[in-house]
Every structure is written in structure tokens, then in C-alpha cells.
Amino acid sequence: MRTLIEHGTLVTATDTALADLLVEDEKISLIGANLRAKVERIDQAIDAKGKVVIPGGIDVHTHLDMPFGGTVSTDDFETGTRAAAFGGTTCIVDFIVPPSGGALREGLDTWHRKAEGKAYIDYGFHMIVRAVKDETLREMDDLVRHQGVTSFKLFTAYPGVFLSDDASIFKALVRTRENGGLVMMHAENGTAIDVLVQRALAQGNTAPRYHAETRPAELEAEATGRVIALAETAGAPIYVVHLTAKKALEHVRAARDRGVPAFAETCPQYLFLSSESYEEPGFGGAKYVMSPPLREKSDQEALWRGLKNDELQVVSTDHCPFTLQEKRLGEHDFSKIPNGAPGIEYRLLLTYDGGVRTGRLSLNRWVQLMSTAPAKMFGLYPRKGSLSPGADADLVVWNPEKTLTMSAATHHSAVDYHPYEGCVVEGAPEVVMSRGKVVVRDDRLTGEKGHGRFVKRGELQSNALSW
Ligand code: URP
Ligand code: ZN
Ligand code: ZN
């Protein structure tokens, strides 16, 4: 099968060129001028005149079909990857939750079963790790060397659920220095937060806004500084997930200035929403209960600057939706509201409209943040995250002029609310291709459930370290 994408502007993390692109079966095979005259047989042509052709989005932070907060996240691998594709994302990396005290391998098997035969786009896995025992370290080696699971998320938050003590975090960091894996950290001081939560509840402060008040930016900054210090001592790289606050970013910046391989991501919700959302009437604030919580407008500006200056390397979504009914589990106690919000479909839309169109990000930097940097960071590059012969034909034909009104009535996630309800964005995908197969065209699903495959990932790309 040969598909010619012609007359488009090809945009990568480094280059912009008016060129045609030929897809043969699952791969990009040729890039050049006037390919129609040079290629013998073309089965399908896509006219990309006036459009931008980019490598498909890569979302390295999703929670599909995840048991959490007394329930299970609303999107599974079918609805979640379908929503991702509609938003121009062609590969995700989802977090495995292994059984508490059980083998990591058991979690891996469970996640393979959850995803197999369901996904519309390719997917990889990170492994969540709690207490680090000798057996855990041996399992981490096996995951990196043989299973294609090369990154591990540890938490300084959620005591009794996910929290690892500093010794466990340090042991994991030392091991990844040796086996080539990457530690990802959820950095909030969970035990101090618990004291604030208990105090708030004892005072009768049960509404959603107290979720944010009991998780102050200082406690994210403290944990961020601490885990970076542990990584620096271990001589290992570190990646801080869902960074939200200026004070936390200062630790990443200072570490990078010292030459420490410290990396961080933020998420659209921290760029576009603020703590004001917790004031929504009724129980509306529950829609935004996530950890870390939404911050102040001044933090948003610091995050945008961080994205521009490469203090932040990736924008992911932390997609972890719960229905409005499930959010009601915390109607009388904010600490029981399941933590998380939807985002898998909106990442490219929001950051193009609010980043590229406003001049905060160049088109090339946007592609780097959406696709190339996550591919390099998580061992998917150059198979994914690039427009080059031999790469997977995971592509998006992006229409910079298409407008879209965001709404739960029209999004493709199974969740029943939209955090950006009614917002209008300019710039949206027109064609989304996963390994040579058109999965979404003109807002219609053309892909097949089960087309998406597990991708074995490699190590953090060495050139990522010299960014
Ligand atoms: O509130 C959030 N972020 N839910 C998902 C779990 C996590 O900590 O990433
Ligand atoms: Zn987290
Ligand atoms: Zn998360």
C-alpha cells in the first residue's frame, strides 16, 4: 500500500520544508519534491496543501483502565486510544499498577491483557514501583533488558497507596544508572500533605477547593528538590512528572544549570487552568481535583517560559478521567474525590492554539514538545517522533485554520465532562495516521480497534542528555 501525502509543509523539531512524503505499508519511505512524478504506483493520495504535516503526537503520561481512588479510570484502551487519535496523538505510554507487595511482572501481564486487541494506536508501558526490595531490582533489570519497559514511576505522594520512602527511591535511581532505565518521580511531600488534609477535615473544610489548599506548591517544590538531590547523588538521570509550580521548576532549572540530567514535563491543565476552577459552584470544583492541584496564573507564565527555554522538555496529559458520579465519592470529604482529569484528546489542540498561535512556542518547538522529545526521552526515537525514511508512518496532517469548539458532547473519551467546555480553539488534525493506516479523517473514525500494538521501548536516548 502506497500513500502519497503531497503539497504539505513538513515540520519536525528542527526543520520546516515544503515537500511530499511517501508512506509504504507501515513506514515512511521517501521525502522529496514532486514525488508523484518519481513514484510508479500510488494507491492513495492525501492533499496537504495549506496544511502542516507533523510526526504524530506522543503522550507519555496516561492512566487507562486504572484502579484508583476507590474506582477505575473511565477510559480503557479502546476509548482512551480512540480519543487520543482524534486529538492527533498516535502513541501513548501508560502506567502499569502492579499489585501492592506483588511482582512487577504480574502488573505487566495484567496491562498487556488490558490493552491487547483494544487499542487504535501504538502504546508502551511504564512501571509503577513502591517499596524497592532486592527482587524488585532484579525485576527492573528484566523489564529494561527484555520487556521494553524502560521507565519506572515512584511517588513521594499518596502515603499507604503509592508512596516510596527515600531509601527505595535512591535504590531505584542507583539501579537505573546501571541498567539504563529512567526514574520518573511524582514529587509532592505526601506525608506533610496528609497532616494538612486531616487538619482541614477536622475543621469541617470538606469542599473540593481544600484539595488544593492542602497541597501547596512549597510541598511540591520540597519534594522536587529532594528527588533531584537523590538523583544527583546516585549519578542517575531523573524525570519529574506533572510539574505545576514555579517554585518546583526552579529546582529543575538549577539542577540543569549544574549539568545534572534532570528533566521534567508539565501538562496542559497547568498551563490553561488555575486554582480559580475550584470555585465552580456546587460540586463543580471536583472536576479539577488532581494531584498536584491547579496553581496560580503566575505559575502558568513560569511554565510557558520553561517550555520555551527547555527547562521543561515534554508536555504530557496525565489523562486519568473519572465520571461526575465517581467524583461524588468525595461529596462530603474532598480527600475521597478520585484524583485525575481527562486530557488525552486535547493536548495538541490546546498547546497549538495557546502556544503556537500566540507566539509562545515556535512550530518546531511545539513538534519537539509533542512528539520528538518524548520519543527520545522514552526510547521510541527514531522509530517514532520523526519524519524520516524508515520511521513508522505515525503522522498528522494538521489544519492550522480549522476551528473546534471543545465539549463533552463531541469529544471521544468515555468521560461525561470536559474541563474546557465551550472553549474554541484554532488548529486541529485533519488526517491522523498510525503505522500507515488512516485512523481519523475529517473527524470520522476510520481506524480499527486492535490495530495498535505494544511497542518495546529502548533507553533514554543519549543525545537527549545533551539538550
Ligand atoms: O491526579 C492525578 N494526577 N491522578 C493520576 C495519578 C497520578 O498521580 O499521576
Ligand atoms: Zn502522579
Ligand atoms: Zn499520572
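**View 1. Four aromatic residues gather in one cluster.** Phe-68, Phe-155, Tyr-158 and Phe-162 make up a single aromatic cluster. Rings of Phe, Tyr and Trp (its six-membered ring) pair if their centres lie within 6.5 Å; planes under 30 degrees apart count as stacked, over 60 as edge-to-face and the rest as tilted. This is a predicted model, in which local features need pLDDT of at least 70 and side-chain atom pairs count only at pLDDT 80 or more, while totals for chains, interfaces and linings use all residues. Residues are numbered from 1 along each chain as its sequence is written, chains are lettered from A and ligands numbered from 1 in the order in which they are written, and side-chain values use heavy atoms, with hydrogens and water left out.

**View 2. Tyr-352 and Trp-398 form an aromatic pair.** By the ring rule, the count is 17 aromatic pairs. In the pair shown here, the ring centres of Tyr-352 and Trp-398 are 5.3 Å apart and the planes meet at 55 degrees, so the pair is tilted. It links distant parts of the chain, 46 residues apart: Tyr-352 belongs to helix 12 (residues 347-356) and Trp-398 to strand 16 (residues 395-405). Helices (H or I, at least four residues) and strands (E, at least two) are DSSP runs, numbered from the N terminus. Both Tyr-352 and Trp-398 are buried; buried means under 20% relative accessible area, exposed over 50%, and partly exposed in between (1.4 Å probe, protein chains only).

**View 3. Two lysines sit over aromatic rings.** Look for the charged end of Lys-114 over the ring of Trp-111, 4.7 Å from its centre. Lys-153 places its charged end over the ring of Phe-95, 5.1 Å from the centre. A charge sits over a ring if NZ of Lys or CZ of Arg is within 6 Å of the ring centre and within 35 degrees of the ring normal.

**View 4. Leu-154 belongs to the largest nonpolar core.** A nonpolar core is a set of buried Ala, Val, Leu, Ile, Met, Phe, Trp, Tyr and Cys residues joined through side-chain atoms within 4.5 Å. This one has 130 residues, and Leu-154 is one of those touching the most other members, as are Phe-125 and Trp-366. Helix 7 (residues 217-234) gives the largest share of this core, eight residues. Beyond four places in sequence, the contacts of Leu-154 (heavy atoms within 4.5 Å) include Val-129, Ile-169, Val-183 and Met-185.

**View 5. Helix 1 (residues 77-86) is mostly covered.** Eight of the ten residues in helix 1 are buried, among them Phe-77, Thr-81 and Phe-86. Their cover includes helix 2 (104-115), strand 9 (89-96) and strand 17 (424-434). After helix 1 comes Gly-88, with a positive phi near 90 degrees.

**View 6. Two prolines follow cis peptide bonds.** Ser-291 and Pro-292 are joined with omega about -5 degrees, and Pro-292 lies in the loop between helix 9 (268-272) and helix 10 (297-308). For Tyr-381 and Pro-382, omega is about 5 degrees; Pro-382 is in the loop between helix 13 (363-377) and strand 16.
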